[in-house]
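Reader: Could you take me through one part of this structure at close range, namely the ligand site and what sits around it? I'd like it in one connected go, cut-offs included.

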Amino acid sequence: MTARPLIYAANWKMNLGPQDAAAFLDRFLELTAPQPDRSLWFFPPAVSLATVAHAVRPRPDILVGAQNVHWEPKGAFTGEISIPMAQEAGAEVVLIGHSERRHLFGETDDQVARKTAAVLKAGLRPLVCVGETLAEREGGRTEQVILRQLEPLLDKVASADWGRLVVAYEPVWAIGTGKNATPDDAAQVHELIRFALGRRGVSGRLPILYGGSVSAKNVLALLARPELDGVLVGGASLDPDGWAELVGLEAAP
Ligand code: PEP
């Protein structure tokens, strides 16, 4: 039996400029080889996109993506990057609606949906993040928040396009805190996402990743749950040796 395909996505946030990114890739590529059914996605800062895309050219198992894009193809949007620009720099995937974008920069559910639709229209794959804050979880509102975040996506993305979308469940309270969701908690929300999409006619198995304080210590327990199709990782993806170890870990037979 072949293992299900897994995605290991590295979100570098505002770390690793072009020089550090090149050094990271030199080391990481030396330590790793492509593995069947496992793809590795890197989200470097925009200034390092071209460097990373160039470095991973010999590795078809590795995709490079932008951490954010604007939905318009060009215009007076100081500080933003467009989808065509990201594509020209080598991006094949785009991270959208990360909780830091939502909570620190005020990105709305509607903007997330507009970006997602634009990314799909351009032929790239969006990795869309959803997740509740601690107050929302403690207030029993996890389900309500996730459904609210999905709703504009369901309105703006045609059902035929959902096959190219990837969702990441990232509880905000678990990001960068060292406090990951338990495999059961994560699996429960992944099920909810699948159910909500299925109810609105999205068929097929769309990959759903878990993100939030994933490390080499907890990744196997999380991925032991069949509801999870991979992980989105911040802190533990910044060191080439540690990231190479994490993406290479195998569950005992
Ligand atoms: C993230 O940035 O998406 C993330 C999950 O960060 P960390 O792994 O550091 O919690």
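Author: Let's start with a definition: a residue is near a molecule or strand if one of its heavy atoms lies within 4 Å of it. On that basis the ligand has 14 residues around it, and the closest are Lys13, Glu170, Gly176, Ser213 and Gly234. Before going further: this is a predicted model, where local features need pLDDT of at least 70 and side-chain atom pairs count only at pLDDT 80 or more, while totals for chains, interfaces and linings use all residues. Residues are numbered from 1 along each chain as its sequence is written, and side-chain values use heavy atoms, with hydrogens and water left out.

What is the shell made of? Four of its residues are nonpolar, eight polar and two charged. Here Ala, Val, Leu, Ile, Met, Phe, Trp, Tyr, Cys and Pro count as nonpolar, Asp, Glu, Lys and Arg as charged, and the others, Gly among them, as polar.

Now the polar contacts, meaning pairs of N or O atoms within 3.5 Å (within protein, one must be able to donate a hydrogen and the other to accept it, and residues adjacent in sequence count only if both atoms are side-chain atoms). A ligand oxygen sits 2.6 Å from a polar backbone atom of Gly176, and there is a ligand oxygen 2.8 Å from a polar backbone atom of Ser213. The protein covers 96% of the 290 Å² of accessible area that the ligand has on its own; areas come from the Shrake-Rupley method with a 1.4 Å probe, and for residues only the protein chains shown count as cover.

On to the strands. Helices (H or I, at least four residues) and strands (E, at least two) are DSSP runs, numbered from the N terminus, and two strands pair if DSSP finds at least two bridges between them. Strand S8 covers residues 230-233. S1 (residues 6-11) runs parallel to S8, with four bridges between them, and S7 (residues 208-211) is also parallel to S8, through two bridges. Val231 of S8 turns up in both pairings, as the bridge partner of Tyr8 and of Tyr210. Is S8 buried or exposed on its two faces? Gly230 and Leu232 on one side, and Val231 and Val233 on the other, are all buried, where buried means under 20% relative accessible area, exposed over 50% and partly exposed in between (1.4 Å probe, protein chains only).

Past the end of S1 comes Trp12, in the loop between S1 and helix H1 (18-31). Rings of Phe, Tyr and Trp (its six-membered ring) pair if their centres lie within 6.5 Å; planes under 30 degrees apart count as stacked, over 60 as edge-to-face and the rest as tilted. That rule gives six aromatic pairs. In one of them, the ring centres of Trp12 and Phe42 are 5.5 Å apart with planes at 65°, so the two are edge-to-face. Phe42 belongs to strand S2 (residues 38-43), so the pair ties together parts 30 residues apart in sequence. Trp12 is buried at 0% relative accessibility, and Phe42 is buried at 0% too. Ring pairs also bring in Phe24 and Phe28, making a cluster with Trp12 and Phe42.
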